[in-house]
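Hi,

Here is the structure we talked about. Please have a look, then read my notes below.

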Amino acid sequence: MKNKEDNTDLIEAYLNDELAENERNDFENHLKLDADLAAEVALHKQIRAFVKENEVQNLKSQVKDWLKDDAHVFVATEMKVIKKPFFSMNNIARIAAAVAIVSGIGWFYFSNKTPEMTAEVAQNQYFTELLAQNPGTLQGTDDRSTWTQAFREKQFDKVIEILEKGIDKTTEEVYYLGLAYSAKGNYPKAIEQFSTKIVHDSVYAEKANWAIALIYLKQNNKTEAKVLLEKIAKSDSEFSEKAKELLK
Amino acid sequence: MNPTEFRAFYNDCWKYCKPRLRNLTTNQADIEDVFAEAISRFWVNAQQGKIAHADNHFALVYVMAKNLWLGELRKEKHFIGVSIDARIGEDFELQLPADEQDFLSKMIQERDDYQQEISIKTAWEKLDTKCQDLLNATIIYKERQDELLERMNFKNTDTVKATKYRCMQYLKKFYYELAA
């Protein structure tokens with residue numbers, strides 16, 4: 001048997017099941033007789049178990065970041081939509097918006113309740129929420145850092161310019177390109193992005209369907225909106241309750 | 001590892017598992033935790049060639065997540081009035097092959113057996129990131145020497161082999177120093 005210093009490759013080959021049968025038998029016979037070698041093999045096993053567990057924990061942390069990125073938007077935006085009008089009314093536009101919302105709510109409670117008006121208030125609120133989403137802050141390429149920052153700063157033209165240049169867009173990029181077009185009022189281009197297969201086969205599928213439904217409402221395309229909202233309402237989508245509200 | 005490949009797998013797998021996990025519990029934090037753990041364990045085991053069945057991967061991740069969640073319930077005993085066995089029986093649509101059932105049992109056993117080896121962890125943290133990356137790539141992802149040569153800018157395959165050997169020697173040396 002080789003000296004202890006030289007055993008690393010042999011042990012690794014043994015643990016990787018890369019030894020020929022006779023070599024393996026020879027090695028296992030040595031293992032029975034050489035306590036030091038057996039201890040070294042045990043250490044290699046422990047190291048491999050550690051490396052594996054360490055990688056599992058790294059991946060788990062990565063997945064949790066992705067899950068957080070996918071989920072945080074709606075909690076955050078709902079808080080913002082509810083609280084902002086009461087705490088940050090420092091300009092005329094905001095006051096006007098608040099008055100409009102309050103009037104809408106008051107009108108809802110104190111006059112004849114027409115479904116159209118309820119839906120309109122909710123629709124505007126949901127559309128604002130839709131555009132208030134931000135991409136996650138995970139590290140990525142330089143391009144990703146640039147467009148995500150531009151998105152957070154509401155520089156939607158810049159986002160469109162950067163993302164339209166990309167050839168192999170990720171699902172995230174296509175989805176946020178759709179949002180950027182929505183923010184600019186270019187609804188056909190927005191729907192084009194949200195309707196791509198890559199988005200519909202991804203975790204963004206529910207959000208994309210919801211965005212398309214809201215855009216149809218913006219375009220006053222009630223027929224298409226109703227079909228899609230009914231589909232969302234029947235699904236287990238996170239937007240099903242909101243879709244039901246809009247269908248009232 | 002190819003991060004894009006893992007991200008794509010995550011996207012589709014989450015879409016499959018989310019509604020099913022929601023049937024088990026409405027606690028979003030629990031759902032995310034068991035899903036993240038399950039998909040990560042699945043992925044690492046798959047890279048090591050330990051997943052036998054080729055076309056049932058999402059279902060396998062779901063069953064792993066469910067088992068992890070049930071394991072937590074058993075440990076914490078915070079469930080009220082719900083029979084765990086009854087819940088297991090609800091998965092009528094998932095009849096996994098015997099080899100994958102074995103894999104699941106081993107995975108759970110492996111997880112339970114694993115005890116944090118402080119000395120190995122400390123020794124690992126003393127390695128430079130290139131060594132960590134190289135050992136990860138060879139032990140878990142089974143990257144070939146020519147792939148490592150290109151990805152990690154080695155001069156030739158002999159250098160890859162020598163560096164891997166040196167990294168493992170360093171790790172063992174650090175471990176023995178700490179254990180002494």
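First, a term: pLDDT is the predictor's confidence in each residue, on a scale from 0 to 100. Keep it in mind, as this is a predicted model.

Where is pLDDT under 50 in chain A? One such stretch is residues 108-117 of chain A, where the model has seven contacts beyond four places in sequence. Another is residues 72-89 of chain A, with 19 contacts beyond four places in sequence. Across chain A, the average pLDDT is 75. A score of at least 70 is reached by 74% of the residues. Among the helices, confidence is lowest in α4 (residues 92-110) of chain A, with a mean of 55. Confidence is highest in α2 (residues 21-33) of chain A, at 93.

Now the fold. Chain A has 13 helices and zero strands. Of its 248 residues, 27% count as buried. Take the contacts in chain A with a separation of 6 or more: 48% of them join residues 24 or more positions apart.

Then the interface. Chain A puts 26 residues into the contact, and chain B puts in 30. On the chain A side, α1 (7-15) and α3 (35-87) each supply at least two residues. Which helix gives the most? That is α3(A), with 18 residues. By type, the chain A side that touches chain B has twelve nonpolar, five polar and nine charged residues.

Best wishes

How values were computed. Residues numbered from 1 in each chain as written. Chains lettered and ligands numbered in written order. Predicted model: local features only at pLDDT ≥ 70, side-chain atom pairs only at ≥ 80, totals over all residues. Helix = DSSP H or I, 4+ residues; strand = E, 2+ residues; numbered from the N terminus. Buried ≥ 20, exposed ≤ 12 C-beta atoms within 10 Å, placed from the backbone. Contact = placed C-beta atoms within 7 Å. Nonpolar A, V, L, I, M, F, W, Y, C, P; charged D, E, K, R; others polar.
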